[in-house]
Amino acid sequence: MPRYRQKFTIYPRKLDSGKTVYYYRTYDEFGRRTTPKSTGQTSKTAANAFCQKLLEEGNLLPSKSNLFGNYASDWWIWDSCPYIKRKLVRSSEKKPGIAKDTAIRNREILDRHITPYFSRTPIDGISPDTLEQWMFSLKDKNLANKTINNIRGVMQIMLKVAYRRGIIHVNPMDRVEPFSVDKFARDLLTLEEAIILLEEKNWSNPLYYVCNCLAAATGMRLGEIRGITSETWHGTHVDVWYSYTDRGGLGPTKTKERRLVPVPSRVAE
């Protein structure tokens, strides 16, 4: 005869304040034990009554609509993500709050590193311990600390919005520290390397030669050079307003700040 499984279990937990509060656990639709939740009660009788009321109201089990996978379904999709729409509405057309390339990159991070781990987890059941174990699992895949921190940053934004909207009562990521990252100094080009890059005879495509000369003379980023248009090129200087990427097309610069950059006459020619 199969053993009867109770709808919920109750147990006491002593808080840092010294107060004892009863918590409960149940099972989700996949048969997995859920993350402990507080009843807010200090006696077992009151905690049991609290859970019985949730059961009668149909609110004891986590709702499928409350799963992280459902919450994340339209995140970082340019035309349907509420977060992106909110960022764009609150910013100007020439200085948008988020670039399309950033949204595409974050969606790739979500699909590859976040949703597979959390898709069937209730969003209010994601704890600091759960997040830390997830980050350790990324480390086990030999991802660099900087890469893991970037992935963590995407999750941080999503949980921060969930907290702002009242979907969760705390942001568990606030209690999870990022990994430390070693900083390395970037070496300058040697004279021999600079000569190779800046001699026209070494380039079969004159466009690449011009781009290297412009970068050397102005310090412009590659995306900013690719983002030059007839509107922003003035013969003696560049109005650096745009940056171009293959995925996001023409968008704002990395700093989202406009600047005028003088161009030496030889490079301008």
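Surface patches are made of residues with over 30% relative accessible area and no salt bridge, with like charges joined within 9 Å and nonpolar side chains (Val, Leu, Ile, Met, Phe, Trp, Tyr) within 5 Å. A salt bridge is a side-chain nitrogen of Lys or Arg within 4 Å of a carboxyl oxygen of Asp or Glu. The model is predicted: local features need pLDDT of at least 70, side-chain atom pairs count only at pLDDT 80 or more, and totals for chains, interfaces and linings use all residues. Residues are numbered from 1 along each chain as its sequence is written, and side-chain values use heavy atoms, without hydrogens and water.

The protein chain has 10 helices and 7 strands. These are DSSP runs (helices H or I, at least four residues; strands E, at least two), numbered from the N terminus. The radius of gyration, over C-alpha atoms, is 27 Å, well over the 18 Å of the globule rule for 269 residues, so the chain is more spread out than a compact globule. That rule is 2.2 Å times the number of residues to the power 0.38. The C-alpha atoms fill a box of roughly 85 × 40 × 40 Å along the principal axes.

Of the 269 residues, 33% are buried (under 20% relative accessible area; exposed is over 50%, partly exposed in between; 1.4 Å probe, protein chains only). Trp134 sits in helix α5 (residues 128–140). Trp134 counts as buried, at 1% relative accessibility. Ile114 is 20 residues from Trp134 in sequence and 8.6 Å away in space, C-alpha to C-alpha.

On the surface, Arg86, Arg90, Arg164 and Arg165 form a patch of positive charge. Arg164 belongs to helix α6 (residues 145–164). Arg164 is partly exposed, at 46% relative accessible area.

How values were computed
Accessible areas come from the Shrake-Rupley method with a 1.4 Å probe; for residues, only the protein chains shown count as cover. Lys and Arg count as positive and Asp and Glu as negative; His and the chain ends are not counted. The place of a charge is taken as NZ of Lys, CZ of Arg, CG of Asp or CD of Glu.
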